[in-house]
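Here is a short report on the structure shown below. It covers a helix pair, a pair of domains and a sheet.

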Amino acid sequence: MSDSDKPRVAVFKMASCDGCQLQLLDAEDALLDIAGAIDIANFAEASSNMQPGPYDVTLVEGSISTPEQIEQIEEIRRQSKVLIAIGACATSGGVQALRNTKDLGTFVRTVYPTPEFVKSLETSTPVADHVQVDLELTGCPIDRGQLLATLTALLAGAMPRVSTSPVCMECKRRGYVCVMVAKGEPCLGPATRTGCGALCPGLGRGCYGCFGPSQPPNTDALGERFERLGLTPRQAADRFRFITGWAPAFREAAEALEGEGGGKKKEVAPR
Amino acid sequence: MTHRTVEVPVIARVEGEGALHLKVRDEDIQDLRLEIYEPPRFFEAFLVGRHFSEVPDIVPRICGICPVAYQMSAIYGLERLFGVEVPAGTHELRRLLYCGEWIESHVLHVFLLAAPDFLGLHDAIELAKTQPDLVKTALGIKRIGNDLMEVIGGREIHPVSPRVGGFSKAPRKRDLEPFLPRLEWALAQMPGIADLVATLPKPELPRPAEMVALVHPDEYAINEGDLASTSGRKFTAASFEEVSREVHVEHSNALHSVMIDTETPYFVGPLARVNLNARRLTPVARECAERSGLHVPESDPFFSMAARVAEVALAIEESIRLISDYVPPEPPMAEVEPRAGRATWVTEAPRGILYHRYDVEEDGTIHAAKLVPPTAQNLRHMEEDLRTFIPGVLDRSDEELTRLCEMVVRNYDPCISCATHFLRLDIERT
């Protein structure tokens with residue numbers, strides 16, 4: 001594919017599960033329509049035709065977790081007019097950022113018999129920690145509808161806007177019974193931005209924060225609420241320290257809870 | 001002496017990142033390495049200290065293409081350790097969810113990732129230009145798999161309803177019944193797809209191989225069963241680590257698996273399953289295997305695509321049966337009381353057997369975890385395939401040689417995100 005008059009789009013992957021770029025392949029019929037409107041210049045998972053930059057729009061999935069990726073993301077930034085970070089890994093470091101508060105050496109020894117073969121940074125960090133990012137789509141995975149709407153807006157020359165209101169609002173709109181009120185189940189919905197369509201409460205369980213902190217996230221009140229539900233400070237902190245736990249608002253919430261002396265103790269976790 | 005250097009920086013149409021290094025002098029392979037540069041993410045380390053109930057939300061993040069496989073190996077293993085009796089209908093609903101993942105993952109691989117190779121194209125979008133109806137049919141079948149996962153799990157990537165103890169919420173029968181006409185349509189397409197696979201120009205790689213898969217007395221094993229190999233081994237998930245061992249090699253962030261006693265590689269996946277479970281194939285699946293020329297025993301990895309097509313038919317037939325007989329589990333979830341001990345389980349991910357082990361403390365905290373994904377088990381076998389295959393095709397141009405090597409690798413539908421927890425081709429001819 002090489003159509004010089006169409007916008008050149010590239011998709012790159014850092015440390016991740018491939019799930020966010022899979023949302024593009026899962027778009028199926030829409031994928032063929034989009035493919036007609038753009039020049040897919042570089043998308044290794046989908047095509048062996050990989051062209052060099054510059055690119056008009058670049059989607060980056062995954063977190064920065066190796067020395068090579070720092071160099072790679074800087075080069076991608078230089079080659080991209082619009083750089084969009086997609087997914088929890090690219091926007092908050094991802095679930096693998098759970099290592100950021102631990103000693104990496106211990107982690108490497110836990111997984112690999114010969115640790116000196118493994119090259120890895122101490123931390124897993126979002127793309128915006130390293131280069132300027134023009135737009136972030138959060139979620140683990142990102143929402144396909146949001147991704148397609150974003151690409152459509154960009155093709156029309158507009159910069160899309162993404163809602164930052166909490167999952168709670170979505171639950172109210174859909175008329176879901178609150179799992180925290182009705183079942184006493186810890187739910188991160190009051191502090192997590194919507195995008196999933198309040199998936200977890202709709203399926204009878206608490207939200208676990210895939211789309212990252214809402215704006216503004218009232219994490220203090222939520223942390224207190226978790227404790228009133230009977231969670232220990234460590235258990236309450238672990239609610240925040242999860243899929244998007246390295247996002248500043250959630251990180252600070254976890255630290256505040258454990259600062260109350262619960263971090264060191266070993267407790268019985270909730271069922 | 002001939003001197004040639006070929007370099008291809010990223011092997012495309014695989015899930016994750018890797019490279020192949022090949023050094024050839026005259027007719028001899030001097031060096032051959034599958035390099036896995038997908039960065040390590042240390043899942044087995046940060047599972048430590050988390051509560052067991054969080055495991056089904058953490059482990060699917062290893063792979064966006066087979067999240068259900070990760071959830072199922074974890075959930076079944078933990079439930080067995082805790083002695084949980086799940087509500088009637090839970091196993092059937094889990095098998096249906098897993099069938100959705102097989103359909104979605106296999107169709108993605110056969111049409112979007114592998115088929116362009118056999119036709120000398122770059123991607124499925126080029127394929128869509130020459131054969132639009134075929135690609136539309138494929139995407140339509142894939143959509144059914146995705147939709148099944150969505151209606152049961154809430155979303156197809158990282159489903160949220162599967163829990164230790166059952167489902168947070170189970171679909172109603174009327175949520176599933178609309179799938180029946182779509183599944184019947186898809187099933188009717190499968191023999192034609194098998195005929196098409198039979199006509200694709202296919203290299204040959206006949207070599208003896210030990211294949212390993214789950215086997216079950218009553219069904220084509222997916223979630224439950226014991227392990228068996230084409231060399232006559234029989235073992236269980238509990239003894240997996242006594243049979244197979246991971247070896248750490250310098251060029252790879254993924255570990256390689258070998259049999260402990262013989263130090264030999266083995267391979268897992270759809271072709272292994274068809275070989276070991278041929279008698280359990282459903283009628284249309286069996287017809288598809290026959291039409292595409294797949295007759296067991298067959299160890300040529302280039303028959304993997306035919307095996308995948310047969311398994312798509314099987315997953316469709318099983319889905320029809322499971323939906324027709326569906327009775328929602330009530331309540332959807334059983335009470336779970338953790339106990340200390342070791343949880344081990346193996347399920348059949350789309351790419352082959354996926355082993356999980358968790359050492360759990362009395363209060364349900366994970367003390368240690370070990371995950372052995374199918375692609376890691378296949379890596380050593382892939383390297384040996386290349387060693388066997390390359391000498392026969394060294395007369396080809398660099399471009400053609402690269403394409404053929406990539407096809408050898410892609411037979412395994414390698415999922416490098418999983419294995420690292422794979423491919424840049426770099427050929428040096430001196």
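The model is predicted. Helix 10 of chain A crosses helix 11 of chain A in a right-handed sense. Helix 10 spans residues 219–228 of chain A, and helix 11 spans residues 233–240 of chain A. They pack at an angle of about 135 degrees. Their axes lie 9 Å apart. Angles over 145 degrees count as roughly antiparallel. Helix 10 of chain A and helix 11 of chain A are therefore oblique to each other.

Which residues make this contact? From helix 10 of chain A come Thr219(A), Gly223(A), Phe226(A) and Glu227(A). They meet Pro233(A), Ala236(A), Arg239(A) and Phe240(A) of helix 11 of chain A. By class, the contact of the two helices holds 4 nonpolar, 2 polar and 2 charged residues.

Now the domains. Chain A splits into domain 1, residues 8–155, and domain 2, residues 167–262. Over C-alpha atoms, the centres of the two domains of chain A are 26 Å apart. Their contact draws 13 residues from domain 1 of chain A and 12 residues from domain 2 of chain A. On the domain 1 side, helix 4 (residues 87–92) of chain A gives the most, with 3 residues. That side of domain 1 of chain A has 5 nonpolar, 7 polar and 1 charged residues.

Chain B has an open sheet of 4 strands. The strand order is 8-7-6-11, and the pairing is mixed. Which strands stand at the edges? Strand 8 (234–235) and strand 11 (267–268) of chain B do. Each has a single partner strand, so one side of each is left without a neighbour in the sheet.

| Strand pair | Sense | Bridges |
|---|---|---|
| Strand 6 (residues 211–215) and strand 7 of chain B | antiparallel | 4 bridges |
| Strand 7 (residues 226–229) and strand 8 of chain B | antiparallel | 2 bridges |

Ala213(B) has Ala228(B) in strand 7 of chain B as its bridge partner. Ala228(B) also stands opposite Lys234(B) in strand 8 of chain B.

Terms used: Residues numbered from 1 in each chain as written. Chains lettered and ligands numbered in written order. Predicted model: local features only at pLDDT ≥ 70, side-chain atom pairs only at ≥ 80, totals over all residues. Domains from an automatic or database assignment. Contact = placed C-beta atoms within 7 Å. Nonpolar A, V, L, I, M, F, W, Y, C, P; charged D, E, K, R; others polar. Axes fitted to C-alpha atoms, helices over the stretch in contact; angles between N-to-C directions. Parallel < 35°, antiparallel > 145°, perpendicular 65-115°, else oblique. Left-handed = near helix turned anticlockwise from the far one by under 90°. Pairing = 2+ DSSP bridges.
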